[in-house]
Amino acid sequence: MHKGYNIERLDRLHDIIENIHESIYELIQQVVLMNLQFDSKENCRCAKELLKMGKNAPWFLSMEYVQRVRTVWADSAVKMCFKRSNEFQLIDSAKYFLDRIEKISMPGYIPSNSDILNCRKRTTGIQEVSFHIKLPKSLGGGSQEFRMFDVGGQRSHRTKWMQVFEGIEAVLFMIACGSFDQMLREDPKQNRLVEAFELFRGVWHNRFLAETGLIVFLNKQDILEQKILSGKSIKDYFPEYEEYVKATDSDNLCDELTRTRCFIKSKLIDITNETPRRTSLLAQRKRTCYYHFTVATDTNNNLVN
């Protein structure tokens, strides 16, 4: 491996440690709030020591810290709490990193592609990334530079979006399909998927984006599948789902995952078919929205041919 390549990867190590600490800290707090009991006094002691550290993650993974995390993560009360993680704010990669903490703590560890893709770091402000993609001969060959602006999706950051609207060619709108049973971090009473639909409506009808292409990534299909296989159903949060199934798959030809993700897509399509809020020449133009079912952590799912 090239030295610079390894250094670049090691720069993400502390982000990974923060993911580990945030996950175990939140799980311990929820065990207490749910009045669950740890399996033993030793497990309880380890949990208390981790709580004493506060929310700030350690700068390195000591043997003592790793052992405490492993002990607590193996506790049945914590496992029970994890199964109810839709009831509180827990990052999607919690299990991924808690299962791998021993490997991550080993001397010489360098984050893998999978580790980096699973690492969560909230976008704050506006981040710009430039890259080049080779063009096929049918498009003249050579390469094309792309400039992408990653904007924070939290409510407090949305007022900043207007800063990058001018001159953009396309909007990539990400929806976390697996969040249908979760609430917003900033508003515990608002369903995340409902919020995503409302946000999409605002983007689709925005007059400054009337001529901008829109590509929707219906993301986190892996998490959606896991939840459905565990027995959860989107109908508990979207009662209209049952009517949708009756109208589109009355013969039960599709599996539950296919029906669910197509239902989510249909909600977006319904929004694009709404009457424009403003009447103008731009509003009369036919627009197209492109939809893709994605798993962001699967590199094969996101290859550009």
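The model is predicted, so local features need pLDDT of at least 70 and side-chain atom pairs count only at pLDDT 80 or more, while totals for chains, interfaces and linings use all residues. Residues are numbered from 1 along each chain as its sequence is written, and side-chain values use heavy atoms, with hydrogens and water left out.

The chain has 13 helices and five strands. Helices (H or I, at least four residues) and strands (E, at least two) are DSSP runs, numbered from the N terminus. Buried residues make up 39% of the 305 residues. Buried means under 20% relative accessible area, exposed over 50%, and partly exposed in between (1.4 Å probe, protein chains only). Among contacts between residues at least 6 apart in sequence, 72% join residues at least 24 apart. A contact is defined by heavy atoms within 4.5 Å.

- Helix H4 spans residues 63-73. Its buried residues are Tyr 65, Val 66, Arg 68, Val 69, Thr 71, Val 72 and Trp 73.
- These buried residues pack against helices H2 (13-33), H3 (41-52), H5 (76-83), H6 (94-99) and H7 (101-104).
- The largest nonpolar core holds 33 residues. Such a core is a set of buried Ala, Val, Leu, Ile, Met, Phe, Trp, Tyr and Cys residues joined through side-chain atoms within 4.5 Å.
- Ile 20, Ile 24, Leu 27, Leu 61, Tyr 65, Val 69 and Val 72 touch the most other members of this core. Elements giving two or more residues to this core are H2, H3, H4, H5, H6 and H7. H2 supplies the largest share, seven residues.
- Leaving aside neighbours within four places in sequence, Val 69 contacts Ile 20, Ile 24, Leu 50, Leu 98 and Ile 101.
- A second, separate core has 31 residues. Its members include Phe 197, Leu 218, Tyr 241 and Leu 268.

**The three-stranded sheet**

- An open sheet of three strands runs in the order S3-S4-S5, with parallel pairing. Two strands pair if DSSP finds at least two bridges between them.
- S3 and S5 (289-293) are the edge strands, and each pairs on one side only.
- Neighbouring strands are turned by 20° against each other on average, direction ignored. Axes are lines fitted to C-alpha atoms, for helices over the stretch in contact, and angles run from 0 to 180 degrees between N-to-C directions.
- Helix H9 packs on the sheet and touches S3, S4 and S5. The direction of H9 makes about 170° with that of S3.
- Seven bridges join S3 to S4 (residues 213-219), and the two run parallel.
- Leu 172 has Ile 215 of S4 as its bridge partner. Ile 175 stands opposite Leu 218 in S4.
- S3 covers residues 170-176. Its covered face carries Val 171, Phe 173 and Ile 175. Its uncovered face carries Ala 170, Leu 172, Met 174 and Ala 176.
- S3, H9 (residues 192-204) and S4 form a right-handed β-α-β unit. Right-handed means that, with the strands pointing away from the viewer, the path from the first strand over the helix to the second runs clockwise.

**Positive phi in loops**

- Asn 35 is not a glycine, yet its phi is positive, near 60°. Asn 35 lies in the loop between H2 and H3. Asn 35 counts as exposed because its relative accessibility is 65%.
- Lys 220 also is not a glycine and has a positive phi of about 60°. Lys 220 sits in the loop between S4 and helix H10 (221-229). Its relative accessibility is 22%, so Lys 220 counts as partly exposed.

**Cysteines**

- The whole structure has zero disulfides. A disulfide is a pair of cysteine sulfur atoms within 2.5 Å.
- Cys 44 is in no disulfide. The nearest cysteine sulfur, that of Cys 46, is 9.4 Å away. Cys 44 is partly exposed, with a relative accessible area of 25%.
- Cys 177 counts as buried because its relative accessibility is 0%.

**Tyr 244**

- Tyr 244 belongs to helix H11 (residues 241-248). Its relative accessible area is 18%, so Tyr 244 is buried.
- Leaving aside neighbours within four places in sequence, Tyr 244 contacts Asp 249, Arg 259, Cys 262, Phe 263 and Ser 266.
- Tyr 244 and Ser 266 are 22 residues apart in sequence and 9.2 Å apart in space, C-alpha to C-alpha.
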